[in-house]
Amino acid sequence: MATATPTPTPAAAPGGRRTWRTLPVVLQLRQSVGLQRGMLVAGLVLTGIFLFTAIFAPLLAPYEFDQLRDANGPFGAQAHPSSNHLLGTTVGGYDVLSRVIWGTRTALAVIVVAVLLSFFAGVLLGLVSGYFGGWLDRVLVVVCDAIYAFPALLLSIVVAIVISGGQSSLLGGILAAAISITVVFIPQYFRVVRAETVRIKSEAFVESARVIGASNGRIMARHVLRNATRTLPLILTLNCSEAILTLAGLGFLGFGIQPTAAAEWGYDLKQSLADVSSGIWWTSIFPGVAIVLTVLGITLVGESLNDLADPRLRGRRAAGDGPPPAGTVEPGGAVVGSGLATGMPDAPGAIEGYSA
Amino acid sequence: MTTTTTEPATGSTEPAAPAARRKNGGGLGSYLLIRFLLIFPTIFILVTTVFFLMRATGDPITAALGGRLPADQLQQRVHEAGYDRPLIAQYFSYLGDIAHGDFGTTLSDRRPVVDVLKTFGAASLELAVYSLLVAFIVGIPLGLVAAYKRDKGPDAGLRVFAILCYATPPFFSGLLLKLIFSVGLGWLPVAGRASTGTEIELSTLPNATNFYLIDAIRLGDSEAIKDVLQHAVLPSVTLGLLVAGIFLRLVRTNVIGTLGSGYVEAARSRGVAESRLLRKHAYRPALIPIITVIGLQIAALLGGAVLTETTFEWKGLGFQLAQYLTARDFVAVQGIVALLAVIVALTNFIVDIIAALIDPRVRY
């Protein structure tokens, strides 16, 4: 079995030429070996299926997500899987298969809105806070640490109450879920970008830029930001999977999207809770499996990219040149190591614990 | 509960501080002091955030009863509760109440929130203890195996298992377990903390702890003990697996770190037996930091507990929170969330102390 792979990082691609071979995911795919590649490919396939289903939902789904009857009359509640309803119908009389398929759209919409919002807000705050420092920086760090340490789901519940009062239309529901997830995610981007910014701003090239009279805005945009976003794609994938889980959690607690507005897996699972005792399995299994497979796919991609970006985890030979770095980002949302302990963000880009 | 946890926490700083001062000029003492002082802004920020977020939509009485009461009666209720005062005035009186340990009174059943914690806290604690136990038993050995078999089949399998633990929401894994073990095989009960007979029996116990296993043992009834344990299996596994995935990957990363370190290499070249090498040289130093990390899983545990308790009708804080959410009783929600913020801040502080005591590098 191959031991260590050669280490062309995106920055040091051979000859500096940008071909399709150096595109982010393609590059990692070429870099990976053995099981690592298997995990990455599996993740990409699952994510691909998810995206495909979301985009072509209207063509794939046999019925509308809120359709209760067709030409032959009502569907009936809790009907067994049959040729008309491949996965049966729910207690509310919806077609399970259609709702699972339409659910991918809702999940994708929430992911896109949530990740975009938190990405821009978090990066901007982290950049400004790290670059200028001062009291604003200190306040933001304490605030973000406080939010970071708190259970994400509980905070999302509070925000969901604020935004939608608990009941929502399609757009309102998606926005409510997305924004409540955003609030929880901003600290993650903030911490990483801020730590990088603090490190980079003391580098010689920033000093040089200042000497030749570049404005703060230009330095931040051109010199700091470009160098501070190295690890963000990894957090991005992690947040995508967490967004799905939070959306489902909100739906399960009754703070998601109404069934007439959109299909949402968490809501369907909540409705199926009572079915389980009477042995009705098809209403819960399928939306649940959809959640698991989607999160699994995205997480596999994120983990593999993370491993490949970290030379210590990439190959066996190069492994473990010392203890893992202090700060780690865990899927459960807890911070590990000295970053939290001292109230200061960790070493730049240390999201190491996640990768393993 | 909040007051009882504060005291041992602050108490333990006292004896530790002078000892450290002798060695390295007050490193540990001042570190602990800073950590202790940081509790307050953390609680303050979370409580403030929750307060203003909840008030952004209007007052909780209108939210709960709006449309069900005539406008003038509603207005009177709002006035009585003081929700028509300026927001700032409400905010400061709220802060004052919290400083006195008053987290508000629920609207739907008119109970002080602290009282809700007293009644349902023990159930949540019981579930948390069992779940951590499951997480330990599953996560740590598997993490050791994954690290040792690094990049081989078992490692890949275990890593996918860890991701699955994380990717499966507790309400879905709970439903699956129910379908298989309760409905399908009929081995375990579907929901609840105990069967009705046992619950009545336990409620007769004078000054019950509400920690059902302890109560059942005090009762000395082996049937009750069995019943309580049977009810606990599925919820504990559901919540435990969620955390086990986190433990597994943490142990794996740490052990990979120590396995590649110079002193393991040195020991191996001296001819130390492989099993001894693993036990003494690789595993032990890797597990010490994990002990402290475990405390930080309280956030994951709390979030998961809300979902697990709802799935299994385990009548703890999380289940109660979900009930209040459905009843649109936002005073109760705000109170419970604020209370949990205090618990999270205190737990993190205690964990930091343990971390600093175990590992001198943390405190610098």
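1. In this predicted model, helix 11 of chain B and helix 14 of chain B run roughly antiparallel to each other, because their packing angle is about 155 degrees and angles over 145 count as roughly antiparallel. The axes of these two helices, which span residues 222-259 and residues 298-312 of chain B, are 10 Å apart, and helix 11 passes helix 14 in a right-handed crossing.

2. Where do helix 11 and helix 14 of chain B meet? On the helix 11 side the contact is made by L234(B), P235(B), T238(B), L239(B), L242(B), V243(B) and I246(B), while helix 14 contributes A300(B), L301(B), G304(B), A305(B), T308(B) and F312(B). Sorted by class, this contact has 10 nonpolar and three polar residues, with no charged residues.

3. The loop between helix 14 and helix 15 (317-326) of chain B holds E313(B), whose phi is near 45 degrees, a positive value in a residue other than glycine. E313(B) counts as partly exposed, because it has 13 C-beta neighbours inside 10 Å, whereas a residue would need 20 or more to be buried and 12 or fewer to be exposed.

4. Helix 16 of chain B, formed by residues 330-358, reaches 41 Å from its first C-alpha to its last, which is close to the 42 Å expected for its 29 residues at 1.5 Å a residue. Of those 29 residues, 23 are buried, so helix 16 of chain B is largely enclosed by the rest of the structure.

Methods
Residues numbered from 1 in each chain as written. Chains lettered and ligands numbered in written order. Predicted model: local features only at pLDDT ≥ 70, side-chain atom pairs only at ≥ 80, totals over all residues. Axes fitted to C-alpha atoms, helices over the stretch in contact; angles between N-to-C directions. Helix = DSSP H or I, 4+ residues; strand = E, 2+ residues; numbered from the N terminus. Parallel < 35°, antiparallel > 145°, perpendicular 65-115°, else oblique. Left-handed = near helix turned anticlockwise from the far one by under 90°. Contact = placed C-beta atoms within 7 Å. Nonpolar A, V, L, I, M, F, W, Y, C, P; charged D, E, K, R; others polar. Expected span 1.5 Å × (residues − 1).
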